[in-house]
Amino acid sequence: MHGLIQVHANAACCALFFFWACIGPLRLCRICVAEVVLLLGAEGGRAQGVVLNRPFARRVDGELAQLLLKGELSAVEAESMVVDFVRAFGRDAAVYYGGPDAQAEGGTLVHGFAELEGAQEIASGTRIYRGGAVGAIRKVLAGEASPLDFRWFIGRHDALSTSDAAWASVACARSLALKQCLGLP
């Protein structure tokens, strides 16, 4: 299939993609960039994922909350949840740059809570879930979870491929996919 990744819904693994690019001459001024992408699934034969190691924001205001909620809720529903979202995640959030695609479509939530309404396991047996924004807000406001138990992403990578050897696919553990890396540049 020309290097496109095939994702099977019953796969009991968590796939990561690594991208490593160095820009500049082989002297002191070389910039190296590595992205670690969690594979979320596939739509229309294209693999999609979010970058795990590119922190974007530690605090959330009303505008960012509206954008993050837009990924799961209608505009009216998102607007009604903004105040609660900011109360839950405003001062202590984990928001990441998820990738260059679909940034205006809203956020993606990744976490380890199966019981959240609207949460879907990314692959059978991984115990890694996406979605369930309203449940996450309620859980944090009730004191049943920490804001840092949740990872929010703006944008994603679409059509991931290993055909040109820029990306490499590897297996990963649940703990790695859910671990915060907020101290990275």
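1. The charged end of R151 is placed over the ring of Y96, at 4.2 Å from the ring centre. The structure under review is a predicted model, and the remarks below should be read accordingly.

2. Aromatic pairing is the next topic. A pair of aromatic rings is described by the distance of the centres and the angle of the planes. With ring centres required to lie within 6.5 Å, the count comes to six aromatic pairs. One of them joins F89 and W152, with 5.4 Å from centre to centre and 80° between the planes. This pair is edge-to-face because its angle of 80° falls in the class over 60 degrees.

3. The pair formed by F89 and W152 links distant parts of the chain, the two residues being 63 residues apart. F89 belongs to helix α2, which covers residues 75-89, whereas W152 lies in strand β9, residues 151-154.

4. Are F89 and W152 buried or exposed? F89 has a relative accessibility of 0% and therefore counts as buried. W152 has 1% relative accessibility, so W152 is likewise classed as buried; the cut-off for this class is under 20%.

5. Which residues make up the aromatic cluster? F89 and W152 form one aromatic cluster together with F85, F113 and F150.

6. Helix α2 deserves a separate remark. It bends by about 45° at V82. V82 is also one of the buried residues of α2, the others being A78, M81, F85, A88 and F89. Against which elements do the buried residues of α2 pack? Their partners are α1 (62-69), α3 (133-141) and β9.

7. Most residues other than glycine have a negative phi. A102, however, has a positive phi, near 60°. A102 is located in the loop between β5 (95-97) and β6 (107-111). With a relative accessibility of 19%, A102 counts as buried, because the class requires a value under 20%.

8. The other backbone value concerns R127, a residue other than glycine whose phi is positive and near 60°. Where is R127 found? R127 sits in the loop between β7 (120-121) and β8 (129-130). At 48% relative accessibility R127 counts as partly exposed, since exposed would require over 50%.

Key: Residues numbered from 1 in each chain as written. Predicted model: local features only at pLDDT ≥ 70, side-chain atom pairs only at ≥ 80, totals over all residues. Heavy atoms only, no water. Phe/Tyr/Trp six-rings, centres within 6.5 Å; stacked < 30°, edge-to-face > 60°. Helix = DSSP H or I, 4+ residues; strand = E, 2+ residues; numbered from the N terminus. Buried < 20%, exposed > 50% of the residue type's maximum accessible area, 1.4 Å probe, protein only. Lys NZ or Arg CZ within 6 Å of the ring centre and 35° of its normal. Bend = angle between axes of the 7 residues up to and from the residue. Contact = heavy atoms within 4.5 Å.
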